[in-house]
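Visitor: I am new to this structure and would like to learn how to read it. Could we go through it feature by feature?

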Amino acid sequence: MITGPDLVIAPLAILLGGAFAIYLVGRLVTARNEVLAVLTSVVFALALAALMTLTRQALAARAGGLPEPAWTGSEGAGAGLQARGGGLSIATIAVALGLCVSIYCGRYLALDRRQKVTYPLLLLLVAGLVGMVMATDLFSLYLFCELMSVTAYVLVAFRRHTDTAVEAGFKYLILGSAGTLTMLMGTALIYRETGSLAIEQTISAPGPWARIGLAALLAGLGVKSAFVPAHTWLPDAYGRAPSSVSAMLSGIAIESTFYAWLRVGLGAGFPAAQLGMLLMVVSVPNMVVGNGLALVQRHTKRMLAYSTIAHMGYTMFTVGVGLRFGIPDAVTAGFFLIAAHAAMKPLAFLCKGVCHLHYGATLTGELRGTWQRTPLVAVLFTVALVSLAGIPPLAGFAGKWFILGQILRARHWMVYAGLAILLANTVLSLAYYLPVVALLYTAPPPGTELDQRRTSGWMAVPLGALGIIALGMGLWPGPWMQWLAALGVAGG
Amino acid sequence: MTTVAMLAILVVPAAMAAVLVVFRVRLRRAAGWCAGAASLLTVVASFVLLGDLNLGHEPVLVASWVPSESIVLGLHLDWISFPFLLTETIVTLVAIVYAWGYHHTDERSPLFYALLLVFGIGMSGTTLADDMVLFYTFWELMLVASAVLILVWGDAPPGGPSRRAVTLKYFIITHLGSLMVLIGLLTIYNAVGTDTFSALRAGHGLPFELIPMVTVFFLIGFSVKMAVFPLHIWLPDAHTVAPMPVTIMLAAAMLSMGTYGILRFPFSLFTREQLGGFAVPLMIVGIVSEIYGALMALAEEDTKRVVAYSSVSQMGYILFGLGTLTQAGIAGATLQVIYHAIVKALLFMVVGLVVHGTGRRRLGELGGLGKLMPVTAVCGAIGTLAIAGTPPLCLFDSEWMIFTGGFASGHTVLAAVAVLGSLLTVAYALWFYGRIFFGQVPEGLHAHRGPWALLTPTVLLATLAVVEGIFPAPVFVWVSKQVALLLGGMP
């Protein structure tokens, strides 16, 4: 039984080692897509098991009043990883999602080439993400963030024979690098002032450089988290990437950078109330721009991408209210929304991927006839979209219930103003989710070939699993809330 | 037995809907019968529950849902919900029977009937729910089911907005109302710390300054569902485009859910003194809605739209009755809900028979049908006279009580305006009836007799409208038991 520090790096080691091993298998043994998909999912499953064990230990440590298990690198450098509650929840979601996506790719990528790099990149992406949310020092944070970003750039431009994918990847690269560079500059400035790289800084009176450094760090992470107006890379990247990649990125990647944003902001001694205020203000353009632009999209994945920006806005607002008014449960509710979003948005992207694979549907109008062709996908797509719209009894509604309930506990005019904007936005969002749902069941224009397609098991299983989670989180949100509360996500 | 009956109201139609969906190929022809049987069982179960309520048993079911947030799921029936539950189950049954004759059987029929059942579950679940989560879930279920029914089986008149546009408008506007309700619910939830209504009945502990805010959210939210002016804008289109059985359910049953919400929340949580400030605004909005609906009904040419606008007008009466905050006014408003359900279903059925028999739906193209469709004409006469408030038909009784409440509330001028405004109701009702059933038969107009599945429920409802008008006693007893629970106990 591995314990303590070894277990903390176990998930990361499994993911990184797995990436290397799968690349070797693809290179030397076989490049068959199915084999690589199975191997990748095994790696994800192992990493998930390691994370769950780690979670159990972290919970036991919390219960015993001890610090969470941590791993420190070479002596004196201060670099390290720690299994904190919030990070563990995000990492678990990411690895579980990786498992779903890798199984899905067993069929989805069958017609592509270069699978031997795709699967390792997918593992590296998740490795970067897991490392980032568990990092205890700014430099590891930067490194893992960069690892995640670079793999994401490549994965977005993976179908390099299409100009649009390359263009989107390039745009993502430029803006993403600007973000990470800003982060690096911030890290350097903080180090210059304090001589420490720890995220948990104990600066009593930060000097001007430390302030600028912190601002730069938050700005850089804000770009990665698609805070409006630094969101422009997101719709292109998610709209052009393969659906499997969009699912990963939209489901958990920007949420993980948002978590890092919170960690850095709070860790550096930023007063929670000020940080919350900042989040509340920044969330408004996220909601408005996300929903407003989603409304005018004809391209399904771009619409889903803008809806991610909007959901990010809801999460930011809720967490912001929690920090500003000292309501820890609101932060937990924000994490619940992240978890719910991580089930329903990837489900939507992956369903869209099936439609694209079978009959080349890209625009929303081309989704007509999905019910006639692939009934299972139509039903699951409906679950995803209706859940995103926040209709009971699905996960999105449970999330809406919790966040609204917590937001209403803060009795302040600014909260009410933000709430009005949030509600107006959820109503606005119906205007783009529901027509798509209707289109799924509309008969396609006459003359279209309507061949019934059996959805391959490779795709049906992960889609079904996500669908069950989206339904389960709505019907029975208790255990999920308990899990998040037990992990103490509200405390970071 | 009691809890079994209560569960049966939700589970039997749900199970039948699932069966219809799964065996949709085999049950194509029998779908209507199956749905009707399930719906009949819910009506029987409602009467079983009535027996229990009369004995003083209030059926309760409770289950914990999210322990960490003390969210509990519960079902419960009391005198506030019973009149609505009964109205809703009966209207669903009647609508399904009507659909046997109206709905053209095809391979999607099982889905149609399954959705009618789900729509019914949404409404009975709303009345039975004893906690906020279930209440809101069923509240939205009713919206989702009806929106799908309108979207897929709707029948948009040429020249008007498309089914899709109408459905989206219906969904978005009523969902906006739902969100208002949700805010109200969550505010109370935060104050009480749990979501069960049983805890609310024991005392809500809501800070005094929040009561007006919560009331405003509830009143606006539920008024959207009630479709009173100016929140009615979804109604005429949705009611016109929906297929006739769905229109019957929308107009006769779903609108009453708004009244139920107002009675269930602001009226049973707060006292008369706390709501005092809302009396005059409610009465004024009621009067405006009453007059506006009637004027629009006078101006409309499409038969279905006339009846749809008459709902806006009728909901105005109900809101006025509630606004009086008097025993007579509130009892009258609840009676009006029940009687309006009977009469509105009847009128839509008559319109359905006319459209079905002649293939025309514009008033200008109809006329003289009294000779061609005598049974429909008699039923139509009862319906229009009832809506005009003619004694001894049922709506006369409820309007009498509403206006009594109006004068008893001391706002004599408002009450007088409301009474005078009812003249417009008479005007549109008679004008509507005269243009369809009197006068010359236009050239080329042929009418065939409606099938028995359309005529039977129509005749039954017409009979009920007369019987209820003459013998209002049993329903009146239920309603007065309800009123005793409202506004912190009635004097």
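Visitor: Which residues touch the most other members of the largest nonpolar core?

Guide: A nonpolar core is a set of buried Ala, Val, Leu, Ile, Met, Phe, Trp, Tyr and Cys residues joined through C-beta atoms within 7 Å. Buried means that 20 or more other C-beta atoms lie within 10 Å of the residue's own; exposed means 12 or fewer, and partly exposed is in between, with C-beta atoms placed from the backbone. In soluble globular proteins, nonpolar side chains tend to be buried together. Here the largest core has 383 residues, and A:V156, A:L347 and B:I248 touch the most other members. Domain 1 (1–174 + 231–256) and domain 2 (275–492) of chain A both give residues to this core, so it lies between them. Those domain bounds come from an automatic or database domain assignment.

Visitor: How should I take the numbering and the values?

Guide: Residues are numbered from 1 along each chain as its sequence is written, while chains are lettered from A and ligands numbered from 1 in the order in which they are written. The model is predicted: local features need pLDDT of at least 70, side-chain atom pairs count only at pLDDT 80 or more, and totals for chains, interfaces and linings use all residues.

Visitor: What does A:V156 contact?

Guide: Two residues are in contact if their C-beta atoms, placed from the backbone, lie within 7 Å. Leave aside neighbours within four places in sequence, and the contacts of A:V156 are A:A165, A:A168, A:G169, A:Y172, A:A237, A:R240, A:A241 and A:V245.

Visitor: How many residues does each domain of chain A bring to the contact between them?

Guide: Domain 1 of chain A gives 29 residues and domain 2 of chain A gives 36. On the domain 1 side, α2 (33–63), α3 (85–108), α8 (233–240) and α9 (243–267) of chain A each supply at least two residues. Helices (H or I, at least four residues) and strands (E, at least two) are DSSP runs, numbered from the N terminus. The largest share of that side, twelve residues, is from α3(A). By class, the domain 1 side has 14 nonpolar, eleven polar and four charged residues. In this count Ala, Val, Leu, Ile, Met, Phe, Trp, Tyr, Cys and Pro are nonpolar, Asp, Glu, Lys and Arg are charged, and the others, Gly among them, are polar. The centres of the two domains of chain A, taken over C-alpha atoms, are 22 Å apart.

Visitor: And where does chain B meet chain A?

Guide: 24 residues of chain B are in contact with 21 residues of chain A. On the chain B side, β1 (60–66), α5 (132–153) and α6 (163–192) of chain B give two or more residues. α6(B) gives the most, with 13 residues. That side has 16 nonpolar, five polar and three charged residues.

Visitor: Which strand does β1(B) join?

Guide: Two strands pair if DSSP finds at least two bridges between them. β1(B) and β2 (residues 71–76) of chain B run antiparallel, joined by six bridges. B:A63 has B:L73 in β2(B) as its bridge partner. Four residues lie between the strands of this hairpin, where B:S70 has a positive phi near 40 degrees.

Visitor: How does the length of helix α7(A) compare with what it should span?

Guide: The expected span is 1.5 Å times one less than the number of residues. Helix α7 (residues 208–224) of chain A has 17 residues and should span 24 Å; its end C-alpha atoms are 24 Å apart, which agrees. Its buried residues include A:L214, A:L217 and A:L221. Among what covers the buried residues of α7(A) are α5 (138–156), α6 (163–194) and α9 of chain A.

Visitor: What should I look for in the backbone?

Guide: Most residues other than glycine have a negative phi, and most peptide bonds are trans. B:A227 has a positive phi, near 65 degrees. B:A227 lies in the loop between α8 and α9 of chain B and counts as buried because it has 31 C-beta neighbours inside 10 Å.

Visitor: Which peptide bonds are cis?

Guide: One is the bond from B:F229 to B:P230, with omega near 0 degrees. B:P230 is in the loop between α8 (210–226) and α9 (235–241) of chain B. Another joins B:P391 and B:P392, with omega about 5 degrees.
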